[in-house]
Each structure stands twice: as C-alpha cells, then as structure tokens.
Amino acid sequence: MRWDTLDREACSLSRTLAVIGDRWTLLVLRDAFLRVRRFEDFQASLGIARRVLTERLTLLVDEGVLKKVAYQERPPRYEYRLTEKGLGLYPALVALVHWGDAHYAGKKGPPLLHRHLTCGHDFRSVMTCSECGEAIDPREVKPHAGPGAKKRA
C-alpha cells in the first residue's frame, strides 16, 4: 500500500487518511473547530508556511470538508467554514484530543476542556453502541465484511 494510493483502497480508514491523515491538516481542522476562519488567522495560529497551508485548505475545500466563503469583494477575501461533512469529523477529532489529554496532558491537566452547552458540564468523549446505548469496549467488538469489502478470490 502506497501513501499516494490510499484514496483507492477498499478501506474507509485509508480513504479518510488520504484526506485528513496529515498532521497539518488535522491542526487546520482543530483550528476550524475553534472557529478560526481566515487564512491569515490559520497561518498565525499554526506558524505554517503559506504554501503548505494553501495546499491543505485547497484539499479540504476540494473534498467538501470546508467551504470557501467570500467576506470581502475588493480585494477578494475568503474565509473557510466547516461543511456538514466537516462537522462530521468532530467526534473523531475530540476523541483524539481526549486521548491526548489522558496520555500527554502532564501534571497540570488538559490545556482545553469541552463544555456541553445544553447541560453546562464539561464532558469526555465516550463511544456508545447505536443500537443498545452501551459504552463500547474494543475487546467486545468483532469487525466483519461489509457490502463494500473486496471479494476474496
């Protein structure tokens, strides 16, 4: 398997990594969820080279994860907003953040907490079964072939 052919694999994780599997892309998405919208603000927040940021933003727009929205006509200026497809990445990103909090936050604790506005409490990400509502333990999951799996010869 080659990095530049991940988007053609019969694996949803491989195809996802082809879009968001780069560390800069994940950090751009983190900032987008923190409501960073404008190119200069992404660049200032990340300290990323303009060329690299342009490539990552272009990929995310081309893939429908972000949309480019004009906020000024003369000269033309744009901001980048999460689409529904992009918002769908929130559970994955917050799960990675909370994993990092558990294993790398250090003695002072997490640098950022997440508050659920509906109930007013800070929360931790928890994966639950869509059918029974129980918390998922990876030792109690058995993957099996789905309709998009490669047919065995």
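Glutamate 55 is partly exposed, because its relative accessibility is 38%. Here buried means under 20% relative accessible area, exposed means over 50%, and partly exposed lies in between (1.4 Å probe, protein chains only). This is a predicted model, in which local features need pLDDT of at least 70, side-chain atom pairs count only at pLDDT 80 or more, and totals for chains, interfaces and linings use all residues. Residues are numbered from 1 along each chain as its sequence is written, and side-chain values use heavy atoms, with hydrogens and water left out.

Glutamate 55 forms a salt bridge with arginine 56. Their closest N and O atoms are 3.2 Å apart. A salt bridge is a side-chain nitrogen of Lys or Arg within 4 Å of a carboxyl oxygen of Asp or Glu. Arginine 56 counts as buried, because its relative accessibility is 16%.

Which residue meets aspartate 22 in a salt bridge? It is arginine 56, at 3.0 Å from N to O. This pair links distant parts of the chain, 34 residues apart. Aspartate 22 sits in the loop between α1 (12–20) and α2, while arginine 56 belongs to helix α4 (residues 50–62). Aspartate 22 is partly exposed, because its relative accessibility is 24%.

Salt bridges also join into a network here, made of Asp22, Arg51, Glu55 and Arg56. The whole structure holds 9 salt bridges. One of them pairs arginine 139 with aspartate 137, with the closest N and O atoms 3.1 Å apart. Arginine 139 is exposed, because its relative accessibility is 75%. Aspartate 137 is partly exposed, because its relative accessible area is 22%.

## The overall build

The protein has 6 helices and 4 strands. Helices (H or I, at least four residues) and strands (E, at least two) are DSSP runs, numbered from the N terminus. From that end, the order is α-α-α-α-β-β-α-α-β-β. The C-alpha atoms fill a box of roughly 55 × 50 × 30 Å along the principal axes. Of the 153 residues, 25% are buried.

## The largest pocket

The largest pocket holds about 880 Å³ of space. A pocket is found on a 1 Å grid over the protein atoms alone: it is an open set of points where a 1.4 Å probe fits, with protein on both sides within 12 Å along at least five of seven lines. Lining residues have an atom within 4 Å of a point. The volume is the space filled by probe spheres set on the points.

How many residues line the largest pocket? There are 27, with Phe33, Leu34, Tyr90, Val94 and His114 nearest its centre. Elements giving two or more residues to this lining are α2 (23–33), β2 (77–82), α6 (90–104) and β3 (115–116). The lining divides into 17 nonpolar, 3 polar and 7 charged residues.

## After strand β4

Valine 141 lies in the segment after β4 (121–122). Valine 141 is partly exposed, because its relative accessible area is 45%. Together with Met127 and Ile136, Val141 forms a nonpolar surface patch of about 280 Å² accessible area. Such a patch joins nonpolar side chains within 5 Å, from residues with over 30% relative accessible area and no salt bridge.

Lysine 150 is also in the segment after β4. Lysine 150 is exposed, because its relative accessibility is 62%. Lysine 150 and cysteine 11 are 139 residues apart in sequence. In space, they are 9.1 Å apart, C-alpha to C-alpha.

Notes: Patch = residues over 30% accessible without salt bridge, like charges linked within 9 Å, V, L, I, M, F, W, Y side chains within 5 Å. Areas by Shrake-Rupley, 256 points an atom, 1.4 Å probe, with all protein chains shown as cover. Nonpolar A, V, L, I, M, F, W, Y, C, P; charged D, E, K, R; others polar.
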